[in-house]
Structures are given as C-alpha cells and as structure tokens.
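Thank you for making time for this today. I would like to walk through one structure with you, and I ask you to keep it in view while I talk.

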Amino acid sequence: MSQESQRFAMLRIAMKRGVSAAILIAIASVFSFILIAAFPGNVAALIAELRGGFVSQAVVDQVAIEYGLNDPLPLRYVHWLGDVLQGDFGRSLRTGQPVAEAIVERLEPTLVLIAGGGIVMLIVGVGLSFMGAMWPNGTTDRMIRAFAVLNVSIPKFFLASMLIYAFGVTWNVFPTFGFRGLASWILPSIAIGVVPGALLSRVARVALEETMSKPYAITAISKGFSRRRILFRDALPNIVPVVLTAFGMALAQMVPNAFIIEPIFSWQGLGAYFVEAARFRDLPVLQACLLIFSVLFIVVNLVVDLIVIVVDPLQRRAARA
C-alpha cells in the first residue's frame, strides 16, 4: 500500500472513531438531562425555595413557567441542548453564578489531577512490571505482585487519608490542603494514580512474560544478549499497544474518581463542584458536571484508541478490514 493510501486509510479510521465518539456524547447528553429531569420532588418548588422569601403556589407556578418545566420532556431537552451547544449551562441555583463560568474556573485542578495521576500510573505500572520481568519468579517479583494486590484492595479515600497523615501531618513534607502549585499536586496524584498503576503493572507484566516467550526473544537469549537488552529493545515495543489500551481505560476511570480525591485535598475542581451541587440539589450544576465528565471520559478513550491504531500495525489492518 502506498504512503498516500495509508494516510487515507488512517483518516478514514479516525473519522469512524470520531463519529462513534460523537454518537456516544449525544447519548451521554440525553442521559445527563434525563437523570436530572427525573429528579424526585417538585423541581419548581425547590427552585423557589432556594431563591428565598415566601413560597406560594403562584410563585411555584411562575418558576415552572420561567424554567419551562411544564413543557414536554423532549422539548425541554432540545432547549437545554441548544443552550449547551452555545456554551450556556444555565445558572447555579445556589450562587446565581453562570455554570459555564464556574466550570472554566474549576477545570484546571481536575485536569492537573488526571494528568498527574496518569504520570504516576505510568511510572508505577511500567516500572514495577519491568522490575518483575528482570527477575521473574524471584523475591522481587513476588514482592511486586503482593504490592500490586495490596494496592488494588485499598480504597482510594483511605489511601489519600494515609498519605495526608504520613507526609502532611507526621513528616510535614508536602502540603495537603488546596491547589497551591507543584508541591501540592504530588499527594493527590499519588492517591489517584497508585491503584490503577498497580493494575497496569499486572497487565504489562503478563504482556512482557508472553513477549519473552516468543521465538525472537528466545533466539536473542540463545545468542547471549542480556535480559535487560531484550526487554527494552525487543519486548517493550511489542507491549506498547496493550499498555496504551489499559492506560487509556484507567485514565478515563480517573475522571469519576476525582469526586473522591478533590474534596479530601480541598481542591476546588469539578469533582468537588459536583459534590457540592449534589449536597445542595443544584440541578443545573449536576447536569453540566455529568455531561462534562462523560465527554472527558469519551474523549480520553478516543485519543488513546487513535494512538493505539497509529502504533500498532495489527490494529490498523483490523480497522481497515
């Protein structure tokens, strides 16, 4: 196949993946709207109560008309989606601030948390898997397996609390409160990234073990090449697609995990914003956060999927078939 044909095939694959992602985002928008629209109780009365003052039936009826709550559900969805596509998520019922403005203010901590967690996950996952592969079935490998199993069993909120106690209270090494620069990013990144890193280490370890049993690896061993050279030169390129796929899935799952980690470290990100909105029944904020988190989840998986197709010839051929 010519280089031009390969580029066309890759573009066609990317367009297919993009269309699939767009369909998933559309479905996510429907569920984000319906889940909040089906909120139990009289939403108009709730909004009227949050505004304060005397709540009469006339006030409740006026609020229902103002927010279009008497319209059919499909019509309400169309109006809401039209506003969202223009960047208008409405106003917070609690603060009166435009939701889009608050999301922009709170997006950076969440993105930093996910990026930091992804870096920690790669370091832990790839590092532990290669250490185990260097000395297979030995003491080091068994200790790494035990470490991975232990980390997978620890709840994230408990791990975050232990990190705060150890590195913030006992040793006072890192700040544990607020989004205040690079030093304050370390503990939250570890709290959200270590557990998926332990899972990634097991996936990469199995892939390395399978790769080291391939004929070309056995031939390299028989020629006297060191295990380290074979792992980095021959095995690593072959496990990249598997590791990237597992990494992308785990990275996307960090998006909802921000609900847990951000409030613990007092980060004013989207996760903490969602928790506050749920506590005060701030419906426009809940709808916006659900949609944003769904979009982030889908986009992360799309990007990783495209990268895997680029680096893995087998995936390219399967996608073109």
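I will begin with the overall layout and then turn to some individual helices and their contacts.

Please bear in mind throughout that this is a predicted model. The secondary structure of the protein comes to 13 helices and zero strands, and, reading from the N terminus, the order of elements is accordingly α-α-α-α-α-α-α-α-α-α-α-α-α. Taken along its principal axes, the C-alpha trace spans about 85 × 60 × 30 Å.

Let me start with helix 5, which covers residues 99-134. With 36 residues at 1.5 Å a residue, helix 5 should span 52 Å, and its end C-alpha atoms lie 51 Å apart, which agrees. Even so, helix 5 has a bend of about 40° at Arg 106, with a proline, Pro 109, following within four residues.

What does helix 5 meet in helix 11? On the helix 5 side the residues are Val 99, Ala 102, Ile 103, Arg 106, Leu 107 and Thr 110, and on the helix 11 side they are Leu 270, Gly 271, Ala 272, Tyr 273 and Glu 276. As for the geometry, the two axes come within 7 Å and cross at roughly 130°, which makes helix 5 oblique to helix 11. By class, this contact has seven nonpolar, two polar and two charged residues.

Now to helix 8, residues 182-212, where the end-to-end span tells another story: a straight helix of 31 residues would span 45 Å at 1.5 Å a residue, whereas helix 8 spans only 39 Å between its end C-alpha atoms. Within helix 8 there is a kink of about 40° at Gly 193, shortly before the proline Pro 196.

Two of the partners of helix 8 deserve a mention. Helix 6, residues 139-153, packs with helix 8 at an angle of about 135°, the axes being 8 Å apart, and that angle makes helix 6 oblique to helix 8. The crossing of helix 6 past helix 8 is left-handed. From helix 6, Asp 141, Arg 145, Ala 148, Asn 151 and Val 152 take part, and they meet residues of helix 8 including Val 194, Val 195, Ala 198 and Arg 205. The residues of this contact divide into six nonpolar, two polar and four charged.

The other partner is helix 10, residues 227-264, which packs with helix 8 at an angle of about 145°, with axes 7 Å apart. Here helix 8 passes helix 10 in a right-handed crossing, and the contact has 22 nonpolar, four polar and one charged residues.

Definitions and conventions: Residues numbered from 1 in each chain as written. Predicted model: local features only at pLDDT ≥ 70, side-chain atom pairs only at ≥ 80, totals over all residues. Heavy atoms only, no water. Expected span 1.5 Å × (residues − 1). Bend = angle between axes of the 7 residues up to and from the residue. Axes fitted to C-alpha atoms, helices over the stretch in contact; angles between N-to-C directions. Parallel < 35°, antiparallel > 145°, perpendicular 65-115°, else oblique. Left-handed = near helix turned anticlockwise from the far one by under 90°. Contact = heavy atoms within 4.5 Å. Nonpolar A, V, L, I, M, F, W, Y, C, P; charged D, E, K, R; others polar.
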